[in-house]
Amino acid sequence: MIESVWTLDKQGMAPRLGFLCRWGKEKDPQKGTPVVVTMEKPNFSVVEIDGPDAAFRPVEKSRGKNTKQVTWILLLKANRAVGCITWLVTVLWTLLGTIKKRLIYRQGIAIEGGKLGRGRLLFGVIRVFLVTSIGILAFEMLAYFKGWHYFQHSNLHIPQASELQGLLHSLYVAWLTCRAEYIAPLIQTLSKFCIVLFLIQSVDRMILCFGCLWIKYKRIEPKIEGDPFRSDDVEGGGYKYPMVLVQIPMCNEREVYEQSISAVCQIDWPRDHLLIQVLDDSDDESIQLLIKAEVAKWSHKGVNIVYRHRLVRTGYKAGNLKSAMSCDYVRDYEFVAIFDADFQPNPDFLKLTVPHFKDNPELGLVQARWSFVNRDENLLTRLQNINLCFHFEVEQQVNGAFLNFFGFNGTAGVWRIKALEESGGWLERTTVEDMDIAVRAHLNGWKFVFLNDVKVLCEVPESYEAYRKQQHRWHSGPMQLFRLSLPAVISSKISAWKKANLILLFFLLRKLILPFYSFTLFCIILPLTMFVPEAELPVWVICYVPVFMSLLNILPSPKSFPFIVPYLLFENTMSVTKFNAMVSGLFQLGSSYEWIVTKKAGRSSESDLLAAAERDSKITNQAQIYRGASESEISELTHLKERKEVVSAPVKKVNKLYRKELALAFLLLLASLRSLLAAQGVHFYFLMFQGVTFLLVGLDLIGEQMS
């Protein structure tokens, strides 16, 4: 007995066998009710059928479409493809056009005091490195997708040359062999050397931080016994005010000259014991007249202030100070305080610094700390504030407390004139005359004191261009000084441990080794390891230790903790400029003798804003001010005021792109992409984030610089 399944449709049509539906692969949307039929003694035989009849074969869907429909579908797909390609080309063309318009070298914009050819050699090296990296990256990607992974595991069989097929495959294996046998050992040797320097510098940084914590724990700070300015002592002649000379060197400081002169003239000190020298090296006659008018205003108010202008600007700031110290009346003064044009000391500055010299004949310098009025202006100023806070809070304070020696910061300090004279005075041989005089005074046995609680308001550069030029001068000058002063240090009469501290720590470790290993390890070796996996750096070198050291740097300015990652990455990028400056100063290259005045924005403190009413009285006292000026100066001042009243047409500002920094940012980004192929875990994520952040931070800083 055979049971078969028959299906009756809803319309009562003839039954159909279910297996026919399966053969045709068609599902009836209107299925009937299955009925089981039992047949006894059937009179038919079962025959195997290999496949369905031609009548039951499925009909291809495409056969139902005519030629016109197919043509329209193809045209629609082609239109979409062409539209996508056109959109990509348009975006790329727009991006390239925007970059071309913003590039400073395509606009004919003159950089103030700059040279377009500066840094072309280093940029050329980075550009060649970038192009090579792009080619190697493309080759690596091709090898990755082709499955050429013979060197990923040491136990894999490396085929011989006869076994290889294809020229490209042969070249890839040759590259792997050369990379493993020749390139990787060199990179590993250099990386080990840089890691040793990195660890030494990290230990030095940790010792300085522990010293700072010890100073705070023990409350070690320079103190003045009693109050030398008590009213009863002054009336009874208990304290004798020494003669103090205040110098304000400046050069074309149109934005800040007024607030600086105003702040210095308001210092609380007997007027017959105070003389202010405004040392103007400006080559712009309009600025000279403005400064003369400001000096005349305060002179009329009874302030003992003089204006000096050099016809020949030789020696830059050192030559300016040296010329001022050669005046005959300087012999009557015992101390000299120096303030740059953007510094605004508080009225009690001299009363907080000069008394430290009393009963301390070996003290030659009292240095105050800087405080910044524009530290929250943009990302660049915030990152500078981190570095400078660590410099003053940790480096200067620790060296002053335990060694009685540190580098003079060039401003916001009071010198004993006798110490300057015995040390040889201001010299014009380097661009860091402040560090030069400090080293020579230290070799002559003079001691220094740093006052961390006495702060003087000033500015930090708000534009990347100004900051880069400042850093170039700050890192090329010490190498000049090291080369020139090394014989004097060795032959000096100071103790051996002071010589070692001066040579090994002050110059070599903090001025030479720091920019060298930072540039070599993080900007050269690290990208190379992405293309040479055999020379891979440990994760603790590229991640954990730098983050820990950055945390130590940010401790003096805890409000800057949100910027720790941009700070870490930006410092690595800036190592290019610092390394370039260090090399130019060490080998006496032309750019090492270059002095460019840092551009100021003229930011005012709260005290300056509150004193705005006093500045308004300038109009009422104008006639009295003019009495101290000649008729020609009066006419020039009147002409300048008329020019100020005319509203100038707005000038379109163009952002300056710096190709060297952008090339380095893209290079590090490519290094991160290479790590994606290697899938290095934490290493990959850190480097990918590093490359992206380098690019974003660089673009943010470049956007701050306007022409």
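Predicted model: local features only at pLDDT ≥ 70, side-chain atom pairs only at ≥ 80, totals over all residues.
Biologist: Before we trust anything, how confident is the predictor in the chain, on average?

Modeller: The mean pLDDT is 76, and 66% of the residues score at least 70. Strand β7 (residues 335-338) has the highest confidence, at 97, while helix α1 (residues 18-24) has the lowest, with a mean of 41.

Biologist: And which stretches have pLDDT under 50?

Modeller: Among them are residues 104-116, with 27 contacts beyond four places in sequence in the model. Another is residues 675-687, with 23 such contacts.

Biologist: OK, the big picture then. What makes up the chain in helices and strands?

Modeller: The chain has 23 helices and ten strands. Of its 707 residues, 45% are buried. Take the contacts with a separation of 6 or more: 81% of them join residues 24 or more positions apart.

Biologist: Why is helix α9 called largely enclosed?

Modeller: Buried means under 20% relative accessible area. Seven of the ten residues of α9 (residues 316-325) count as buried, so the rest of the structure largely encloses this helix. The buried ones are Lys 317, Ala 318, Gly 319, Asn 320, Leu 321, Ala 324 and Met 325. They pack against strands β4, β5, β6 and β7, plus helices α12 and α13.

Biologist: What makes α13 count as mostly covered?

Modeller: Eleven of its eleven residues are buried. Charged side chains are in that list too: Glu 433, Asp 434, Asp 436 and Arg 440 are among the buried residues. The buried residues of α13 pack against α9, β9, α12, β10, α14 and α15.

Biologist: What makes the phi of Asp 359 worth a look?

Modeller: Most residues other than glycine have a negative phi. Asp 359 has a positive one, near 60 degrees. You'll find Asp 359 in the loop between α10 and β8.

Biologist: How do you know whether Asp 359 is buried or exposed?

Modeller: The cut-off for exposed is over 50%. Asp 359 has a relative accessibility of 74%, so Asp 359 counts as exposed.

Biologist: And what about Ala 412: what is its phi, and is the residue buried or exposed?

Modeller: Ala 412 also has a positive phi, about 60 degrees, without being a glycine. Ala 412 sits in the loop between α11 and β9. Its relative accessible area is 0%, which is under the 20% cut-off, so Ala 412 is buried.

Biologist: Now the second largest pocket. How much space lies in it, and which residues are closest to its centre?

Modeller: The second largest pocket holds about 860 Å³. There are 33 lining residues, and Glu 221, Pro 222, Lys 223, Ile 224 and His 356 are the closest to the centre. Helices α5, α10 and α11 and strand β10 each give two or more residues to the lining.

Technical notes:
Residues numbered from 1 in each chain as written. Heavy atoms only, no water. pLDDT = per-residue confidence, 0-100. Helix = DSSP H or I, 4+ residues; strand = E, 2+ residues; numbered from the N terminus. Contact = heavy atoms within 4.5 Å. 1 Å grid on protein atoms, 1.4 Å probe; cavity = no way out; pocket = protein on both sides within 12 Å on 5 of 7 lines; lining within 4 Å. Points joined across faces, edges and corners; volume = space filled by probe spheres on them. Buried < 20%, exposed > 50% of the residue type's maximum accessible area, 1.4 Å probe, protein only.
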